[in-house]
Amino acid sequence: MKGGFELRRCDPDDDMDIIVSLEREIFKPSEQYTLGFINWLCRNCTNYSYIAFMDGKPVGYIISCIEGLGRGHVISVGVLRNYRRMGIGNTLMCQSICSMAERGIDHVILEVRVSNTPAITLYRKLGFDVRDVLRSYYNDGEDAYLMILENDKFKALISKCCSVAKQSS
């Protein structure tokens, strides 16, 4: 990533249209969340959700939530095709996980299509492992991997990506 890159926390009052637009451009119709669910996510998960901008243009986003005690959940992450392989997805993941770690999570889960090799590769590089296969998880019948980042791999990511690592060691 070069100059002109900015990461901004989602603002549910101002950024809903940006998230919806990115969702529609990044994902196929069968992969997109409903407008109502995106609205709910934007309102309830803003502390851990970010939009990436390149030269003022929104190019990616992440929505994550904390569920229960200690578990972060990456709900959706995507980067526009022309901006992939530039480190934006990695930066979004790190920022979101770090913001959840500041609230005390000790592991993170996510679901990913078994066919989404680029995303799986990124998640593995971050330390995620496949925990399970979720049969027919997606509306179109495709399976998903349930991936988890925990224990030493979670600590390693925090140490690599977050200032919170210094506080918790």
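Strands, like helices, are taken here as DSSP runs numbered from the N terminus, a strand having at least two residues. The model is predicted. In these terms, β4 gives the most to the lining of the largest pocket, contributing seven residues.

The strands of the model include seven that form an open sheet, ordered β1-β2-β3-β4-β5-β7-β6, with mixed pairing. Its edges are β1 (5-9) and β6 (129-134), each of which pairs on one side only. Direction ignored, neighbouring strands of this sheet are turned against each other by 25° on average.

The largest pocket holds about 1,300 Å³ of space. Its lining comprises 42 residues, and F27, V77, N116, A119 and Y123 are those that lie nearest the centre of the pocket. Both helices and strands take part in the lining: α1 (16-26), α3 (88-101) and α4 (117-126), together with β4 (71-79) and β5 (107-113), each supply at least two residues. In the order of the open sheet, β4 and β5 follow one another, between β3 and β7. By residue class, the lining of the largest pocket divides into 19 nonpolar, 13 polar and 10 charged residues.

Note on methods:
Residues numbered from 1 in each chain as written. Predicted model: local features only at pLDDT ≥ 70, side-chain atom pairs only at ≥ 80, totals over all residues. Heavy atoms only, no water. 1 Å grid on protein atoms, 1.4 Å probe; cavity = no way out; pocket = protein on both sides within 12 Å on 5 of 7 lines; lining within 4 Å. Points joined across faces, edges and corners; volume = space filled by probe spheres on them. Helix = DSSP H or I, 4+ residues; strand = E, 2+ residues; numbered from the N terminus. Nonpolar A, V, L, I, M, F, W, Y, C, P; charged D, E, K, R; others polar. Pairing = 2+ DSSP bridges. Axes fitted to C-alpha atoms, helices over the stretch in contact; angles between N-to-C directions.
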